[in-house]
Amino acid sequence: MQHHLEALKDSKYCSLWHDQDVRPDALPALSKSVNCELLIVGGGFTGLWAAIQVKERKPETDIILIEKTFVGDGASGRNGGFLNSSLAHGDTNTDHHFPGEADLLYQLGQQNMTELLDTLKRYNIEAYYEHVGETEVATNPGSVKTLRQAYEEEKAAGDDVVWFDKESMQAQVNSPTYLAGLWRRNGQDGTVDPARICWGLKATLLKLGVRIFENTSLNDIQPLGSDKMRSNCGYFVIESNKVLMATNAFHNPLSKLRKSIIPVWDYQIATEPLNETQLAAIGWHKTRHAMGNHANMFHYYRMTHDNRITWGGGGAVRYYFNNGTDYNYADVDLRFEQLAEEFFETFPQLAGVKFSHRWSGIIATSTRFCMVPKQAFDGRVAWTVGYTGLGVAASRFGARIAIELLGYQPSDILQMQFVKKKPKPWVPEPLRWFGVRYTQKALVKADTKGGKRGLWLKLLDSMNLGFSC
Ligand SMILES: Cc1cc2nc3c(=O)[nH]c(=O)nc-3n(C[C@H](O)[C@H](O)[C@H](O)COP(=O)(O)OP(=O)(O)OC[C@H]3O[C@@H](n4cnc5c(N)ncnc54)[C@H](O)[C@@H]3O)c2cc1C
């Protein structure tokens, strides 16, 4: 058996972050019909941060949060734990979609990050935050050139960036594939254990008087009279003045919400904790960089609190026909095998290490590659969805927009094009599936050509539909 398959053989399908003794028991499901002022649907970061921020702005608000499985079961408990302050998925994307708002979005992103970290401290939430910035590595000559150019521009703009040539990069993290690296140390970017944030926020909300029902799914929603909403959850009904949808990539009864996003599956694996010899072989534990390679289909990888490596992304990312989200797409051998193979190409000296966990999650992807906020039913319902792979920190800001749209201390941010501008809708099937697959293939091809974009990607770029970080 090839060694990457051998390494995966005994892994268990479970998010590494979920597999901890401190994971709280699920709370009871809704067992009678109830009323409240604000109903929040979805127990991921968006829903949890929305409840926290409403309670901080208006403590007397009567809030119910429902979650169809358990808090943190969605993307929020399955991600890479990269805490990045960007709200609109990088500078290029920001300039494409929201011209003139880059400075304000940067400032709001920094403020959001500071408030997020302050909140964790205030409520004693231990999320193993590590202030390590983000490090992008070049693995081919084309990427070295582009990355160097980015370094020069960012340095000239006054950013806190460090350039590593081949030897110095390999001294930081020893992979024979590294030809150079760019360490971005601006602000407070770093890594966290995302499930611990979910669980910490859940415990805090219970103390603040929020009613949380797990294993409770919203099936349908209708206006009730001129000022309320009626949400059907199986046998029971919740009547509320307002509803905040925090369901992200999952099917939502509101078709307007569904049109703005598609669900894209992302897969990850985690090693067992590395021993002293393995750690010494890569030297990474001394610096603990949060890593990604400079590519369209990039891998993201980092060390955990207990010295494992988590490894995700790359070519394993998939969109399945007709917004496929069912469980058949969750545990797909081929995807994990691809990840494991690529892992050992990067770290051949770790041959023999075993993967303890493999898991997957769904990323809500919008055509603007960042969050999409919106309101409906005369302002009684609001949502923010579609963070497109960069939502660990941004979802707190998405939650802020949604609660302001519902009237909880609205501020000037609601006037930004970032909030008001409508995203382009996704094309219908089967064009959608063909388009996404074709684009993914074009991105892979561009990566093999040192980032050189072909005709199709150039066409998408010209319509502001091409993504490049
Ligand atoms: C594999 C992976 C890796 C990622 N890595 C990173 C990263 O490193 N850094 C980063 O910034 N971002 C990353 N992201 C993105 C980030 O995790 C998400 O943007 C963020 O967690 C979104 O939070 P959310 O609360 O909006 O959605 P979710 O966490 O998905 O929460 C939505 C919740 O709604 C519930 N729900 C859905 N429908 C209903 C219903 N009808 N009734 C009741 N409840 C319902 C779901 O069960 C779910 O718990 C990653 C995502 C994935 C999948």
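Student: Does F369 count as buried or exposed?

Tutor: A residue is buried if 20 or more other C-beta atoms lie within 10 Å of its own, exposed if 12 or fewer, and partly exposed in between, with C-beta atoms placed from the backbone. F369 has 26 C-beta neighbours inside 10 Å, so it counts as buried.

Student: What kind of model is this?

Tutor: Residues are numbered from 1 along each chain as its sequence is written. Local features need pLDDT of at least 70, side-chain atom pairs count only at pLDDT 80 or more, and totals for chains, interfaces and linings use all residues, because this model is predicted.

Student: Where is F369 found, between which two elements?

Tutor: F369 is not a glycine, yet its phi is positive, at about 60°. Helices (H or I, at least four residues) and strands (E, at least two) are DSSP runs, numbered from the N terminus. F369 belongs to the loop between β17 and β18 (372-376).

Student: What is the omega of the cis peptide bond that joins E429 and P430?

Tutor: P430 is located in the loop between α12 (417-420) and α13 (431-448). Most residues other than glycine have a negative phi, and most peptide bonds are trans. The bond from E429 to P430 is cis, with an omega of about 5°.

Student: How many polar residues are in the shell around the ligand?

Tutor: The ligand is surrounded by 41 residues, with G42, G44, G74, G361 and G391 the closest; a residue is near a molecule if its C-beta atom, placed from the backbone, lies within 6 Å of it. Ala, Val, Leu, Ile, Met, Phe, Trp, Tyr, Cys and Pro count as nonpolar, Asp, Glu, Lys and Arg as charged, and the others, Gly among them, as polar. Besides 15 nonpolar and five charged residues, the shell has a polar group that numbers 21.

Student: Between which domains does the ligand lie?

Tutor: An automatic or database assignment sets the domain bounds, and the chain is given domain 1 (3-13 + 129-188 + 262-365), domain 2 (34-122 + 194-260 + 368-420) and domain 3 (431-462). Among the elements of the shell, α2 (45-57), β13 (262-271) and β17 (355-365) each supply at least two residues. Two domains give residues to the shell, so the ligand lies between domain 1 and domain 2.

Student: How are α2 and α11 oriented to each other?

Tutor: The axes of α2 and α11 (residues 394-405) come within 8 Å and cross at roughly 55°; axes are lines fitted to C-alpha atoms, for helices over the stretch in contact, and angles run from 0 to 180 degrees between N-to-C directions. Angles under 35 degrees count as roughly parallel, over 145 as roughly antiparallel, 65 to 115 as roughly perpendicular and the rest as oblique. The orientation of α2 and α11 is therefore oblique.

Student: How are α13 and α14 oriented to each other?

Tutor: The axes of α13 and helix α14 (residues 455-462) approach within 9 Å and cross at roughly 115°. The two helices, α13 and α14, are therefore roughly perpendicular.

Student: What separates the C-alpha atoms of P263 and R318?

Tutor: P263 belongs to strand β13 and counts as buried, with 22 C-beta neighbours inside 10 Å. P263 and R318 are 55 residues apart along the chain, and their C-alpha atoms are separated by 8.9 Å.
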